Amino acid sequence: MRNGLYSIHADLLDGRSGKGSGVALFRNGKIHGGDAYLFYTGSYVTTGDTFKGEVTVSQHTPSPDANPLFGGQKEPVGIGVSGSWTETSAVMQGTALVGKSSQLFRATLRWLAEAD
């Protein structure tokens, strides 16, 4: 994965309704990012043009008006991710364990800027 700041846009799969967008910094095997309600931290490894990793999503601000992608859980949500990347974009699939249920999602990432 090219080091840098990415925009991220995710949609739930399996007929579930839910979308989310934000930014994510991929840098030297670490992931950091967030949006207006959630923040995420994690790690990844690359092999050629593919990557896989783990991310923890936590809520930093409750929202009475919007439903965050993973339901505004008070407890952190663990996610396994994998995908492929090019110099300017990436596609990622993931499975989030939310409470006792799993939620599948797909995300598109667009490279925005270098990360020193």
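Leaving aside its neighbours within four places in sequence, which residues is Arg 2 in contact with? In this predicted model, Arg 2 is in contact with Phe 26, Trp 85, Glu 87, Trp 111 and Glu 114. One of these partners, Glu 114, also takes part in a polar contact, in which its side chain meets the side chain of Arg 2 at 3.3 Å.

Arg 2 itself belongs to the segment before β1, a strand that covers residues 4-12. Its relative accessible area is 21%, and Arg 2 is therefore classed as partly exposed, since buried means under 20% and exposed over 50%. A further reference point is Pro 62, which lies 60 residues from Arg 2 in sequence and 32 Å from it in space, C-alpha to C-alpha.

When residues up to four places away in sequence are not counted, Ser 7 touches Gly 22, Val 23, Thr 108, Leu 109, Arg 110 and Leu 112.

Most residues other than glycine have a negative phi. Asn 28, although not a glycine, has a positive phi of about 50°.

Technical notes. Residues are numbered from 1 along each chain as its sequence is written. This is a predicted model: local features need pLDDT of at least 70, side-chain atom pairs count only at pLDDT 80 or more; totals for chains, interfaces and linings use all residues. Side-chain values use heavy atoms; hydrogens and water are left out. Helices (H or I, at least four residues) and strands (E, at least two) are DSSP runs, numbered from the N terminus. Buried means under 20% relative accessible area, exposed over 50%, partly exposed in between (1.4 Å probe, protein chains only). Contact means heavy atoms within 4.5 Å. A polar contact is a pair of N or O atoms within 3.5 Å; within protein, one must be able to donate a hydrogen and the other to accept it, and residues adjacent in sequence count only if both atoms are side-chain atoms.
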